[in-house]
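Thanks for making time for this. I would like to walk through one structure with you, one part after another, and please keep the display open while I talk.

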Amino acid sequence: MDDAPSTRKLADELTSAGHRVWFDEWEIQLGDSIVERINSGLEGTSYLVLCYSADGVTSPWISREWMSALHRQLEGHGVRILPVKFGGTAPAILADIKYADLAADWDLGVSQLLRAIR
């Protein structure tokens, strides 16, 4: 499953709701260091919206992003992981975190996510 259209739609909705969104398609340009751009994007974030599906959550880039955010969270940096389900299951280490189920009900899931982002 290609999560890009759903992720893009969610990023657009969060932006329309007035939130500043760091989204790789918008922030990483041709010739940029992917690792450097992702690292700088994660440094100042208060929330990491982790979009996952049966295929996407095991991707090396996505895994590095949420693992980095989890590490920062455990060290007291104040980042909060907000899982968003497009399908599949969350990694076992994140299984106890309530998620927004956009696969079941997109509008309800987005509403829950917007309430979680203060």
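Which residues of α3 are buried? Before I answer, let me say that this is a predicted model, so please hear everything that follows with that in mind. The buried residues of this helix are Ile38, Gly41 and Leu42, and, when one looks down the axis of α3, they fall within an arc of 95 degrees, so they line one face of the helix. As a reminder, an α-helix has 3.6 residues a turn, so residues three or four places apart point the same way. On the other side of α3 we find Glu36 and Glu43, which are exposed.

A polar atom of the Thr45 side chain lies 2.5 Å from the backbone oxygen of Tyr47, and, if we set aside neighbours within four places in sequence, Thr45 is in contact with Arg72 and Val79.

That brings me to the sheet, which is open and formed by 3 strands in the order β1-β2-β3, with parallel pairing. β1 and β3, the latter spanning 100-101, stand at the edges with a single partner strand each, so one side of each is left without a neighbour in the sheet. Strand β2, residues 80-85, runs parallel to β3 and is joined to it by 2 bridges, and Val84 has Ala100 in β3 as its bridge partner.

Conventions: Residues are numbered from 1 along each chain as its sequence is written. This is a predicted model: local features need pLDDT of at least 70, side-chain atom pairs count only at pLDDT 80 or more; totals for chains, interfaces and linings use all residues. Side-chain values use heavy atoms; hydrogens and water are left out. A polar contact is a pair of N or O atoms within 3.5 Å; within protein, one must be able to donate a hydrogen and the other to accept it, and residues adjacent in sequence count only if both atoms are side-chain atoms. Contact means heavy atoms within 4.5 Å. Buried means under 20% relative accessible area, exposed over 50%, partly exposed in between (1.4 Å probe, protein chains only). Helices (H or I, at least four residues) and strands (E, at least two) are DSSP runs, numbered from the N terminus. The arc is that of the directions from the helix axis to the C-beta atoms. Two strands pair if DSSP finds at least two bridges between them.
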